[in-house]
Amino acid sequence: MTRAVSITDNIIEVRSQIEQAAVLAGRRLTEITLIAVTKTIAPLQVAEAIAAGVTDFGENRVQEALPKVIAFPQVNWHLLGHLQRNKVKDVIGKFKLIHSVDSIKLAQMLTGPVLIEVNTSGEATKYGVTPEGLFPLLQVVSGFANIQVVGLMTIAPMVTDSEQARPYFSRLRELSFKVRELHLPNVKMSYLSMGMSDDFVAAIKEGANLVRIGRAIFGKRS
Ligand SMILES: *Cc1c(COP(=O)(O)O)cnc(C)c1O
């Protein structure tokens, strides 16, 4: 079966929805970065998204990401998925941002800018620190010179309507405000990475400035 819609058309549509959500929220479009999520997506499709002007891409797994990072060095690559400690050596220097730090051990081994993943829903299947666990983690990590915490990331539960995901996103935003008040060294709250294909409109209303979108751009994953 051939794809009925083009990636370029999807990107135009997603961008227009991002813009509408930004306007509704009284925010500027330029402060929101679209990260196209390319897990399971072939290099040809990645190239099409680059041609359509996408500058930032995200992958879940290190092994799948590395060939694409090498093939497309002209764009920024983000590591979104859970990172195993035995893979850390493979990621150093390859990604613009690692979104999924959730332990002191991992923070100890990485270098560069990272986000802390927070499990705002409490779902057992999700990675991330608990909201309560965020503060003790940051107290320790703020003492590490090897990384800089530059924001927070969360994954909302599956929803049928974007608005249902809003409480999880507002939770992350509130947490980022609390963290900011602590004025911890090496900790800045510049980024909120939240919002995927089904819920990015709600995430933008709650202040997301990194949205991670796969299916709405590349179609359903096989
Ligand atoms: C797959 C994935 C996305 C994109 O999800 P879609 O529903 O395809 O938009 C975003 N973030 C993470 C962490 C993912 O694993």
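Student: What volume does the largest pocket have?

Tutor: On a 1 Å grid over the protein atoms alone, a pocket is an open set of points where a 1.4 Å probe fits, with protein on both sides within 12 Å along at least five of seven lines; lining residues have an atom within 4 Å of a point. Points are joined across faces, edges and corners, and a volume is the space filled by probe spheres set on them. Here the largest pocket has about 590 Å³. The model is predicted: local features need pLDDT of at least 70, side-chain atom pairs count only at pLDDT 80 or more, and totals for chains, interfaces and linings use all residues. Residues are numbered from 1 along each chain as its sequence is written, and side-chain values use heavy atoms, without hydrogens and water.

Student: Which residues lie nearest the centre of the largest pocket?

Tutor: They are Lys39, Asn60, Lys126, Ile155 and Met196, out of 25 lining residues.

Student: What lines the second largest pocket?

Tutor: This pocket, of about 220 Å³, has a lining that includes Asn60, Gly81, His82 and Tyr127.

Student: Is glycine 81 buried or exposed?

Tutor: Buried means under 20% relative accessible area, exposed over 50%, and partly exposed in between (1.4 Å probe, protein chains only). Glycine 81 counts as buried because its relative accessibility is 7%.

Student: Which residues does glycine 81 touch?

Tutor: Contact means heavy atoms within 4.5 Å. Not counting residues up to four places away in sequence, glycine 81 touches Glu59, Asn60 and Ser100.
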